[in-house]
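Have the sequence and the 3D view open as you read.

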Amino acid sequence: MPPIIHPSDQKQWQNWHETYSQKLELLVDVWNANASQSTTEGYADTTRGLQELIAKALWEGQELRALGAGWSFSRAPATSGILVNTKPLNYVFPAPRTHPSYAGSREDLLFVQCGNSVAELNHFLKAKMGKALPTSGASNGQTIAGAIATGTHGSTLDFGAMQDFVAGLHLVVSPERHIWLERASNPTINDDVPQKLGAELIRDDALFNAALVSLGSFGIVHGVLLVAEDLYYLQAYRHRMPLTEGLWRAMDQLDFSGVQLPGPAGQRPYHFQVVINPNDLEGGAYVTVMYKHAQPPPGSKPPSPGSKLTQGDSALEIVGVLTDMVSDLTIPVMSKLLERFYGEFSNVAGTPGELFTDTTTRGKALGSALGIPLGQVRRAVETAMAINREYAFPGLLALRYTLPSKATLAFTHHAPMTCVLDIDGAGSARTKTFCQKVWQQLTERQVPYTLHWGKLNDLDGARVRSMYGPERVESWRKARAALLTSPELRAAFTNDYLRTLGLA
Ligand SMILES: Cc1cc2nc3c(=O)[nH]c(=O)nc-3n(C[C@H](O)[C@H](O)[C@H](O)COP(=O)(O)OP(=O)(O)OC[C@H]3O[C@@H](n4cnc5c(N)ncnc54)[C@H](O)[C@@H]3O)c2cc1C
């Protein structure tokens, strides 16, 4: 049965945090005909429905773009043409048949439709499969396709960003063609799966790596093949710690030798995150560490589900929650609320989905995230702190870390690790200006950095090329042209954001 394509009469669309709005021609919600039962036939019918939407866009000369949860602060999901809301598409297919040469376990694989939220996937993996995602962002209301399209990351020291647990993509690229794409170096799915879906099978590392962080511009991602792992527990601690030389070394180089982290002595954490309130340095930074275990360690406490902020929350969630509490988040109010609601804790253990939860709060928050190589982190943070002394903003700096991603345009590609410096504040012109000042000074001081595609940025073609190098950019564009084979298709999957970035 064909999917239900529900057109809205809305001519204006706003992102989740209402930081911008966009005029558009048409917004459609797409539902599987039978939303409650995942079937291959239903999935294939929805593929055809998505192809018809692409045909409509081509026929009318409109741009077309898939929408996830609309959490991006950047205009990545915006279009003046047809916006296809893929959030209702949430079929899941555990343990698909694997390729004979696949070395991993079939039981770790989950093939999911694009609109599943990361929080939904956490629930499903735990309840039905006894598994968990290796990493996620701090809060998990993004759709899986939306999260990977901008390179969403967490702070796991032993893993990369979310796109790095993706082993296959099902891309709908034209009215006649849809593709199962995976790496030639790691064939994962049995050939009969794409065959059953009617998809053309392509195994190619360069195409796959480019299509991961696609900014919505490689067609519609209908399905994603994930590699999960056995369910694990994170034993979490948060302490306020003074900014000593030892803590600076930990932040700058992940060298923990000069600092006594909270929790079991001498163990390297699985998750390490530092939140700094630049307007209240006296009490120290908020250091959150988590250690990975197969079971909750004896004596640990479970997370409290009703609390406003959870153990995994980072700067953006904090500011979002606080701006929901007060209409005007001034600097003193922010510091007081932070102390009250973002407190210390010890020995709380939960699954990743319990510690990194969904957030339904809208809040009036705004944020930017910079990918910085180790060794440059202290310079970057001190630059931001110095700017705050001259031009204080009601916001926070947060540091998280990931292994470099294989995705061609991942902003977390810096080796051997990328530190992500989040600058999150109340949604105001001041927060924006603060971010701009930091970007500008880092450029002037020649501190290398990249910027999160889904958060606030001021990138243009020249800056994208200087940040990623012309080879990466050209390889991404070449891959896009190989999958979207005509100029009309490439034009349809373009938006103003892509043009501004010089990637169209
Ligand atoms: C409260 C909050 C917390 C956040 N926390 C983090 C964090 O911890 N770490 C981090 O890295 N980022 C974080 N972000 C940023 C966020 O993860 C990204 O902006 C992410 O891309 C949003 O996902 P989404 O589902 O809302 O996608 P959208 O914002 O709707 O879209 C993002 C991109 O994905 C594309 N897309 C969506 N669905 C499809 C599809 N089916 N096919 C093809 N393209 C598609 C869109 O076209 C667009 O280009 C946070 C944002 C907010 C608001």
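A backbone N or O atom of glycine 146 lies 2.8 Å from an oxygen atom of the ligand, a polar contact in the sense of a pair of N or O atoms within 3.5 Å. Side chains take part too, as the table shows.

| Residue | Part of residue | Distance to a ligand oxygen atom |
|---|---|---|
| Glutamine 142 | side-chain N or O atom | 2.9 Å |
| Arginine 400 | side-chain N or O atom | 2.9 Å |

The protein covers 99% of the 970 Å² of accessible area that the ligand has on its own (Shrake-Rupley method, 1.4 Å probe). This is a predicted model, in which local features need pLDDT of at least 70, side-chain atom pairs count only at pLDDT 80 or more, and totals for chains, interfaces and linings use all residues. Residues are numbered from 1 along each chain as its sequence is written, and side-chain values use heavy atoms, with hydrogens and water left out.

Around the ligand there are 35 residues (a heavy atom within 4 Å), and Ala66, Ser72, Ala138, Thr150 and His153 are the closest. Helix α3 (a DSSP run of H or I, at least four residues) gives the most to this shell, 5 residues.

Where does the ligand sit? Its place is the largest cavity, with more than half of its atoms within 2 Å of the grid points. A cavity here is a set of points on a 1 Å grid over the protein atoms alone where a 1.4 Å probe fits but cannot get out, and lining residues have an atom within 4 Å of a point. This cavity has a volume of about 710 Å³, the space filled by probe spheres set on the points. Its lining counts 45 residues, with Trp71, Ser72, Gln142, Thr150 and Thr152 nearest the centre.

How values were computed:
Polar contact = N/O pair within 3.5 Å; in protein donor to acceptor, adjacent residues only side chain to side chain. 1 Å grid on protein atoms, 1.4 Å probe; cavity = no way out; pocket = protein on both sides within 12 Å on 5 of 7 lines; lining within 4 Å. Helix = DSSP H or I, 4+ residues; strand = E, 2+ residues; numbered from the N terminus.
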